[in-house]
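Hi,

Here is the structure I said I would pass on.

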Amino acid sequence: MSDTITSTAPAAPKVGFVSLGCPKALTDSELILTQLSAEGYQTSKTYQGADLVIVNTCGFIDDAVKESLDTIGEALAENGKVIVTGCLGARQGEDGQNLVRQMHPSVLAVTGPHATHEVMEAVHQHLPKPHDPFVDLVPPQGVKLTPRHYAYLKISEGCNHRCSFCIIPSMRGDLVSRPIGDVLTEARKLFQAGVKELLVVSQDTSAYGVDVKYRTGFWDGKPVKTRMFDLVQALGELAREYGAWVRLHYVYPYPHVDEIVALMADGLVLPYLDVPLQHSHPEVLRRMKRPASGEKNLERIQRWRELCPEIVVRSTFIAGFPGETEAEFQHLLDFVGEAQIDRAGCFAYSPVDGASANALPGALPDALREERRARFMEVAEQVSAQRLLRRVGATMQVLVDQSIGLGKKGGVGRSYADAPEIDGVVRLLPPEKASKTYKVGDFVKARIVTAQGHDLVGVPV
Ligand code: SF4
């Protein structure tokens, strides 16, 4: 089992929890764990020690589906009482029945993602609430699965787009933005609890508030619009108050993102944008039915760099999409160099059950998709390495993620250019004073002395 939490209150019913999937699933897990803890349930780190097990699943790609189904099977074999939630819970099998129920008929309940209420109802039914809930034991920021110094903040659920390779909207539904007051209240609690870096996540961060027509909400007694700019500005001001960072993920390149980049230039939020572009060629983007596919992405990125020269752009791409010609692929390779994408990830296209792209003509052989992925990564890594080299000699602020003690006393951290888990790190050489060590969650200033692969090496200044 992974991602489990223990507590010491006696005689309370115990729930085992397995959290699989992306940061959005992680925030769902945190909400459920917070509610369990608020109601006085304990959590168990073993299947055998639990009265019941909740598995939060991922259903995005075939490997994730297999991992989720295997984990459910393991929990059933080891414990027997299992509630399933998450993306896989919303998927149908070939016969139109719920896939999880079809594969594991003995599970107690199955819900889709973002379903704390339904999961809690199932828990109450199969493991009644303890009489004396230990509400006071729950920290105000809720239970987090990330290290104490950074946290994901989910601002909306679902997506209004219908990208042809993706089934997320059919699993998570259309966009539902969280009330801006709730989002900002959660952000403040996280900062108060010691979070130094807030990572804003959603399926489409640029679309925040579209579903509620940018309704005016309230926070701190003041009106504030449910709109990306207003949210990012308020988060940036809060972060400044607490000496923390805000990092934006899943931002589509709409024109209004220019306003956000201006906030980055003002130092209010980190000059880092995670923009899932997936391709550069207009025809491929059209077949993918990508949001903002009509935007001139190269010009837009160049404009961002004019507005905020230190901006770092991370993106993900798909190689070998159905019908992709060699010329279209070459366009993508040229784009990565011209746009100077700082950090790039690439998947070889893989059909997902239920996605409309499966019906597109011109499927490419597996070997060609994989070959294009490898060619892409070769070019992208060269671009990335050159961009990293420009840092050598610079002094950067680094957030310490790890302290290496016992004699060596080095550390590992990240600069504004590195998101946790997906980008590189800054390896910190030991401080000159032998008595000093790095403390996780502290900011240190480091002079960059060299680049190593995706990482940098720095000495404290
Ligand atoms: S924007 Fe496209 S890829 Fe992203 S969740 Fe929505 S439909 Fe899926």
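This is a predicted model: local features need pLDDT of at least 70, side-chain atom pairs count only at pLDDT 80 or more; totals for chains, interfaces and linings use all residues.

Helix 8 and helix 10

Let's begin with helix 8 (residues 257-265) and helix 10 (residues 297-307), whose axes come within 9 Å and cross at roughly 25°. Angles under 35 degrees count as roughly parallel, so helix 8 is roughly parallel to helix 10. As for handedness, helix 8 passes helix 10 in a right-handed crossing. On the helix 8 side you'll find Val257, Asp258, Val261 and Ala265 making the contact, and they meet Arg300, Arg303, Trp304 and Leu307 of helix 10. By type, that contact has five nonpolar residues, three charged ones and no polar ones.

Helix 11 and helix 12

Next up is the pairing of helix 11 (residues 326-338) with helix 12 (residues 366-389): their axes are 9 Å apart and the packing angle is about 20°. These two are therefore roughly parallel to each other as well, and the crossing of helix 11 and helix 12 is right-handed. Helix 11 brings Glu326, Phe329, Gln330, Leu332, Leu333, Val336 and Gly337 to the contact, while helix 12 supplies Arg372, Arg375, Phe376, Val379, Ala380 and Val383. Sorted by type, the residues where helix 11 touches helix 12 come out as eight nonpolar, two polar and three charged.

Cavities

Which residues line the largest cavity? They are Val312, Asp342, Arg343, Ser384, Arg387, Leu388, Arg391, Ala417 and Asp418. Helix 12 turns up again here, giving three residues, the largest share of the lining of the largest cavity. That lining divides into five charged residues, three nonpolar and one polar.

If you open the model, helix 12 is a handy place to start: it packs with helix 11 and also contributes to the lining of the largest cavity.

Cheers

Notes:
Residues are numbered from 1 along each chain as its sequence is written. Side-chain values use heavy atoms; hydrogens and water are left out. Axes are lines fitted to C-alpha atoms, for helices over the stretch in contact, and angles run from 0 to 180 degrees between N-to-C directions. Helices (H or I, at least four residues) and strands (E, at least two) are DSSP runs, numbered from the N terminus. Angles under 35 degrees count as roughly parallel, over 145 as roughly antiparallel, 65 to 115 as roughly perpendicular and the rest as oblique. A crossing is left-handed if the near helix is turned anticlockwise from the far one by less than a right angle, and right-handed if clockwise. Contact means heavy atoms within 4.5 Å. Ala, Val, Leu, Ile, Met, Phe, Trp, Tyr, Cys and Pro count as nonpolar, Asp, Glu, Lys and Arg as charged, and the others, Gly among them, as polar. On a 1 Å grid over the protein atoms alone, a cavity is a set of points where a 1.4 Å probe fits but cannot get out, and a pocket is an open set with protein on both sides within 12 Å along at least five of seven lines; lining residues have an atom within 4 Å of a point.
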